[in-house]
Structure formats: structure tokens, C-alpha cells
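Subject: Structure for you to look at, with notes

Dear colleague,

I am passing on the structure we spoke of, and my notes on it follow below. Please open it alongside this message so that you can check each point as you read.

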There are 2 protein chains.
Amino acid sequence: MKNSTKLSDAMHILTYIAINPNHDLSSTQIAQSVNSNPVVIRRIMSQLKKANLLLSENGKATPSLAHDSHNISMLDVYHAVENEPTFLKIDDQTNPNCPIGSQIKTVLDTDYTSIQKRQNKKWQRLPLRML
Amino acid sequence: MKNSTKLSDAMHILTYIAINPNHDLSSTQIAQSVNSNPVVIRRIMSQLKKANLLLSENGKATPSLAHDSHNISMLDVYHAVENEPTFLKIDDQTNPNCPIGSQIKTVLDTDYTSIQKRQNKKWQRLPLRML
DNA sequence: ATACATGTAACTATACATGTTACAGCTAAA
DNA sequence: TTTAGCTGTAACATGTATAGTTACATGTAT
């Protein structure tokens, strides 16, 4: 898989909406700021909507944050736009007949979870201090 | 975000070598444990060697850890096998003529770096407690 | 009605991980 | 020194996810 800019772009979109509540908030306009495509923007916005981070209505270019910006963390946004539950993917195709192949998954899963759990506390809020 | 099992497999390889110093350590043998291909194993081992985490010699199936296992962290391994300096990739194609498009990179980079810096302290050592 | 918006399906291009074949070159043992 | 088996690496195939794009059904508002 590729390195995705979805999180980066999603943060961009939310920040744009938070900062410009009275400007043109059409996907076309936001796409110009992100330097991307309106459909790409709407696709990301759709994911943010499903995660209850964003409110929007069909036909109306008036999206808004579903919560106060201080109550939206980057981790929330990450989970909204990335499918993987963690950053780190375990190879689950290892050989079950090998002592190491059979145990490495469990061991690494413990490590990954541990890392992830501590990590989750550290995520920043929306970068609205650029205001 | 990347969807690679390289880190997982690299940890597997290093653990295999650390645990089985007297067994058959050919790439073919390790590949059976990982349930992969000898070339894939050698490819990862080549990266570990370049990062000075692994010692190996052409023609000899006797790889060994370059350091005591307690001095090899999963973060070391991550950096050895993944090119990206961080987990999180910033969209650097945003519109420089838009106030937000031009600033979002700097702001997110600050956040990402902050997250990453705290994160780096938390990585586990090689999972040799499976012994 | 008309213009413009969202929501979403479908297709394409691209990038990267992984699998595989092939082979040059090294090692060790007969 | 011949031989078997190994490493190191290039080259190519394949699978999959991102991102860009076109198209269109549907909603909004004047």
C-alpha cells in the first residue's frame, strides 16, 4: 500500500471549515485549497460524516463541524479516514507449524497494542492555533 | 498509511536468529517460518544489515545479531525497513496561494513531529520473552 | 425551470509490497 | 578443484490501495 495523505487532507478540510464558517464551503472551493479534486474532498467528507465529526446536507454547501473543534482530536480523524485499527500491521500468514511462526503474531500484537495505547493519549487537537 | 508487514517480518527474522543461533539459519529455512520466499527474507535482511542490526556474509548461512537483543528496539527495526521517517504523511501538494493550504503543512508537521517524538520512547525491544 | 450543490459508483493511473525467476559470486567440503 | 548450497541483487509479475476523474442521481434555492 501507499503512504496516504488522507489524514493530512482530512485535517485540512476540518480546519478549513472551522476557520471559514462564512466563506464558500463547497467541495470545489475546498478542493482548491487542498489542491485536489472536489470528488476526493467529498469522499473524505463522507468518511468524516460517518464518523460523526462533520455535518453536511445533500445539495447544500454548508458543512459544519459536528463538535467544538477542541473536542475533535487528530486520532478521531485518523480513525475516521484510515481503515487499519493501528499503524502497524502484523503478518498473519506465518507458519503455524513453526514455534516462532506460530507465536510471533501474539507477541507482536501485544507490543503493537501497548505502543498504540500509549500513543493514543498523545494526539493533538485540531490545529486551530493557526487562527 | 502503509499496509506493510515488513516490520512484522523483520522482527520475526531477528527473533528467529536470536532464538535459534545453532539451527539452520538459511534464508530458505527462515522463509518457511515466515511462510514467505527466500528472496523476500534476504531482501529484508539486506536492509537490516545496512542499518547495522544484522551481520551476514555472502555464501554463509550464519547470520547473527549485530548487537545484544536488548539493545535492538522495534523502532530501530522500523527505521531499517520502512523508508518514511514517520508514520504520518503530510500532503505537500496543497495550494500555496490559499492561507490554509500554505500553512497546514507547517502546522501538521509540528503536530506529527511532536507525536512521533513522544512515540519513539515507547517502542519495545525484541520480543525475546517468548523464549 | 434552472443553476449549482452533494453523494456515490465506476473507471483509470500510479505507487508500492510481495512473490518469483534468474544468475553472479562466495563458502565449505569431498 | 569440482560440486552443492548459500548470499546478494536485478528484473519482472502480480495484487492491492490511493488518488484523480467522469458521470449521474438527487437535493436545494431562487
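To begin with a contact on one of the DNA strands, a polar backbone atom of Thr5(A) comes to 2.6 Å from a phosphate oxygen of DNA strand D. Please keep in mind throughout that this is a predicted model, and that the distances I quote are therefore computed from predicted coordinates.

DNA strand D

Thr5(A) is one of the closest residues in a set of 28 that surround DNA strand D, the others named as closest being Ser36(A), Ser27(B), Arg42(B) and Ser56(B). Of the atoms of DNA strand D that come within 4 Å of the protein, sugar and phosphate make up 57%.

Sorted by class, the surface near DNA strand D holds twelve polar, ten charged and six nonpolar residues.

DNA strand C

Around DNA strand C there are 29 residues, and the closest of them are Ser27(A), Arg42(A), Ser56(A), Thr5(B) and Ser36(B). Here, too, sugar and phosphate account for 57% of the DNA strand C atoms that come within 4 Å of the protein. Ser56(A), by contrast, places a polar side-chain atom 2.9 Å from a phosphate oxygen of DNA strand C.

The elements that contribute two or more residues to the surface near DNA strand C are helix 3 (38-50), strand 1 (54-57) and strand 2 (60-65) of chain A, along with helix 3 (38-50) of chain B. Helix 3 of chain A gives the most, with five residues, and by class this surface has twelve polar, eleven charged and six nonpolar residues.

The hairpin and the salt bridges

In chain B, strand 1 (residues 54-57) and strand 2 (residues 60-65) pair in the antiparallel sense over three bridges, with Leu55(B) having Ser64(B) as its bridge partner in strand 2. These two strands of chain B form a hairpin with two residues between them, and Gly59(B), in the turn, has a positive phi of about 90 degrees.

Over all chains the count is two salt bridges. In chain B, Glu57(B) and Lys60(B) meet at 3.4 Å, N to O, and in chain A, Lys60(A) and Glu57(A) form a salt bridge whose closest N and O atoms are 3.4 Å apart. The residues involved are partly exposed, with relative accessibilities of 46% for Lys60(A), 48% for Glu57(A), 49% for Glu57(B) and 45% for Lys60(B).

Which residues is Asn95(B) in contact with, leaving aside its neighbours within four places in sequence? They are Gln32(A), Ser33(A), Val34(A), Asn35(A), Gly101(B) and Ser102(B). Asn95(B) sits in the loop between helix 4 (74-81) and helix 5 (99-120) of chain B, and a polar atom of its side chain lies 3.0 Å from the backbone oxygen of Gln32(A). With a relative accessible area of 18%, Asn95(B) falls under the 20% limit and therefore counts as buried.

Lastly, helix 4 (residues 74-81) of chain A is largely enclosed by the rest of the structure, because six of its eight residues are buried. The buried residues are Met74(A), Leu75(A), Val77(A), Tyr78(A), Ala80(A) and Val81(A).

With best regards

Terms used. Residues are numbered from 1 along each chain as its sequence is written. Chains are lettered from A and ligands numbered from 1 in the order in which they are written. This is a predicted model: local features need pLDDT of at least 70, side-chain atom pairs count only at pLDDT 80 or more; totals for chains, interfaces and linings use all residues. Side-chain values use heavy atoms; hydrogens and water are left out. A salt bridge is a side-chain nitrogen of Lys or Arg within 4 Å of a carboxyl oxygen of Asp or Glu. Buried means under 20% relative accessible area, exposed over 50%, partly exposed in between (1.4 Å probe, protein chains only). A residue is near a molecule or strand if one of its heavy atoms lies within 4 Å of it. A polar contact is a pair of N or O atoms within 3.5 Å; within protein, one must be able to donate a hydrogen and the other to accept it, and residues adjacent in sequence count only if both atoms are side-chain atoms. Helices (H or I, at least four residues) and strands (E, at least two) are DSSP runs, numbered from the N terminus. Ala, Val, Leu, Ile, Met, Phe, Trp, Tyr, Cys and Pro count as nonpolar, Asp, Glu, Lys and Arg as charged, and the others, Gly among them, as polar. Contact means heavy atoms within 4.5 Å. Two strands pair if DSSP finds at least two bridges between them.
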